[in-house]
Amino acid sequence: MHALGLAQLLLLGAAVAALPLAWAWVRGDADKYRRLVWVTTFLTFDLILFGAFTRLTDSGLGCPDWPGCYGHSNPVAALDQIRAAERALPDGPVTLVKAWIEMLHRYFAMGVGALITALMILAWTGRRRFGRSPWPATALFALVCVQGAFGAWTVTLKLMPLVVTVHLLLAIVLLCALGLIGARMREATPALPRRPVLPRAAALALILVAVQIALGGWVSTNYAVLACQDFPLCNGAWIPEMEFGRAYDLTRPLGRNDDGSLLPVQALVAIHWVHRTFAWIVLGVLAWLCLLLWRDGDRAPWLRRQALTLAGLALLQVGTGISNVVFAWPLAVAVIHNGGAAAMALVLALLNFRLAGGARRASRAAPADAAA
Amino acid sequence: MQASATDPAHPPAARVRQFIDLTKPRVTMLAVFCAVIGMFLATPGMVEPVVLVAGTAGIWLLAGGAFAVNCLIEQRIDARMARTRARPLARGELGSTPALAFAIALAAAGSALLYVWVNALTMWLTIATFFGYAFIYTVVLKPTTPQNIVIGGLSGAMPPALGWAAVAGEVGAEAVLLVLIIFVWTPPHFWALALYRVEDYRKSGLPMLPVTHGRRFTQLHILLYTVLLTAVSVLPFVIRMSGWLYLVTALALGAGFIGHAWRLYREYSDARARATFGYSLWYLAALFAALLVDHYLQGMLA
C-alpha cells in the first residue's frame, strides 16, 4: 500500500510537472506547438477507442461514484468494497476488472484534459509569435470541461443513453476540433481546384456522417446491436415491426420507458433499423464525394489520397457494422467500428477545412498563393 | 436620428448586438464562471445537470439584467469616459425604454428559472445581488464615496455563494470564504485599473480613490490589500475545505500579486499598473482553478 501511495504521488507530480514541461518545450515555437496538438489528437483518438472499450465491456459503472472509486483514487484502495459488491452480484456492474477499466479511462481522460489545458495556455502565451488567435484553443478547453461533466453524469445518472451518447459525440467533436487547431497552424495549404460542387459535397458528407454517428451512438448506448439478428434483412423482413416513439424518447433511463416499465423490443429494433437504413444514404453520398475527389485529383493529387482514405474508411465501417450483427458483436470489431466513425469524422472535418481555404484564412501573415 | 428596426443603418443583427453589449457580456461571463465553480465546490460528486444548466442560465440572465440597469443609469457618465463611450446607450443608439424592458425581461426570466428548477433561496440571493449592484452600488455608493468599490464589491463577490446555494440549498461557511476572497480581491484589482485611467475618472466626476486621495495613497492601499488577500486566501486551507495543493498555489499566486503591488508602490508607471491589473485577472482564475482541482483530488484521495 505504501508503494502504491508513493506511485500515486509520483504520478501526481508528473501530471503537475507536465504543464511547465510542455511550456518549456514549446516556448512559442509554432512547429513544436503543432506537433503537441497532433500528439494530443492522437491520444484523444486512443481515448475514444478506450471509451468504446469501457462502454462495450459494460464497465461504465465499474466504480459507481465519481470522481473517485468508492471514494478512493484506485480500485486497489477500494478493494474491500469492490469485493463485497462482486460477492453480492457476481454478474453485476461492479467487478475488479470493470473497476480498473473505468478508472483507467478516467486517468487517461485526466491526462488528455491536462494536455488540452497546456494547449490553451500555450496558445495565449505564444499568440504573437504564432500569428493565430488563442480563442479556438480556449473554446477547446471549455469543451473538454463540458466533456468531463458528461463523463461524470455517465456515472451518476447510471448510463442514461442520452448522456452516454452526448459523451461520445462530444469526444468526436473534440477530436475534430483538435485536428482543425493543428491544421490551422500550418502556413500553406495545397492548391485547390475551383469547382464549387466539391466543397458542398464534402459539407453534406460531414453533416450526414455526424447524424449517422449520433444514430450509431444511440444504438450502442441502448444496447440495440442485436435487435436485428440478420443482414441485410432485419429479423426476416426489410421493414420489421417497430416502435419509433419510444425508440427516440431522449429523456428515458437505460432500457426503460419514462414510467419505469421495460422498453419493448420493437423500440430497440427501430433504433437499430434506422442506423442501418441511414447507412445506405451516407454510403451513397460518400461514394459520390469520393468520385468527385478522384476526378479533381488530376489537378491536385492530394485529393486522390483523400478519396482513397474515405473509401477505405467507408468499407471498414460497412464491414465492421455487418460483422457486429452476424457475428454477434465481437468486442474488438465493435471497438473498431467506433474508432472508424471517429476517424471518418476527423478526415471529413479536415477535408472541409482545406476545401474552404484552410490555413490561408487562419493565417494573417501568409500570402494567399504561397502554396501554388 | 430615428433608429428603427427597418432602418438600413440599424439592421436587426446590429440591434441584437446592442442588446447583448448592454449586458456587458465579458463581465457577466466572469461572474457566471465564479458561480459555476461555487456549484462544483458545493458537492463532493457531480452537480445535477438540471441544477447546473438552470442555475447557470438563471444567474447569467439576472447578472445580465443588473448590468443593463447599470448601463441605463450610467449612460451620461459613460458618454464622458473614453473606455465606455462606445456603449450603445451612451451613444444614444438605444432608447431607455427598450433597454429597461429588456433588463426587466432578463431579470424575470432568470428569477423564474431559478425558482422552478433550482430553489427559492438561490433566487432571492441572486435578486438581492441584482439590487445590490444595480441600485445600491450604481446609484448610492459609486457617485458618493471613494469606498464605493470596496463596499459595492460585495455584490460582485456574491456569485460563488449563489452557485453554492443552488447546489447545497444553503450558504455554508465555505461559500462565505469564497465570497470573502473575491471581496478582498476587488479593491486592488479595480484600483490598478483606476490608476492608469485616472484622467478618465476625473472627467466622469466619480470619486474614485486616485482622484480623491491621489496616486500615492492608492498605490499603498493596493499593496496593503494584496497582503490581506493573501492572508484571506489561506483560510480555505485553515478550515480544511482545501488541501496542500491549494495552499501552495494560493501562496505562490499571492506572492506574485504582492510582488506586482510592491513594484507599483516603489515606482509608478502606467505599464506597471496595467501589469498589476492583468495579473489580478489571472490570479483569480488560477486561484479558483486550484480550488477546483484540489477539491476533486481530495474526492479521490480521501
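## Domain arrangement in chain A

The C-alpha centres of domain 1 of chain A and domain 2 of chain A are 25 Å apart. Domain 1 spans residues 7-189 and domain 2 spans residues 195-356, with bounds that come from an automatic or database domain assignment. This is a predicted model, in which local features need pLDDT of at least 70 and side-chain atom pairs count only at pLDDT 80 or more, while totals for chains, interfaces and linings use all residues. Residues are numbered from 1 along each chain as its sequence is written, and chains are lettered from A and ligands numbered from 1 in the order in which they are written.

Domain 1 of chain A contributes 24 residues to the contact and domain 2 of chain A contributes 23; two residues are in contact if their C-beta atoms, placed from the backbone, lie within 7 Å. On the domain 1 side, helices H2 (30-56) and H7 (161-183) of chain A each supply at least two residues. H7(A) gives the most, with twelve residues. Helices (H or I, at least four residues) are DSSP runs, numbered from the N terminus.

By class, this side of domain 1 of chain A has 18 nonpolar, four polar and two charged residues. Ala, Val, Leu, Ile, Met, Phe, Trp, Tyr, Cys and Pro count as nonpolar, Asp, Glu, Lys and Arg as charged, and the others, Gly among them, as polar.

## Confidence in chain A

The mean pLDDT (the predictor's confidence in each residue, from 0 to 100) of chain A is 87, and 89% of its residues reach 70 or more. Confidence is highest in H7(A), at 96, and lowest in helix H13 (residues 359-362) of chain A, at a mean of 50.
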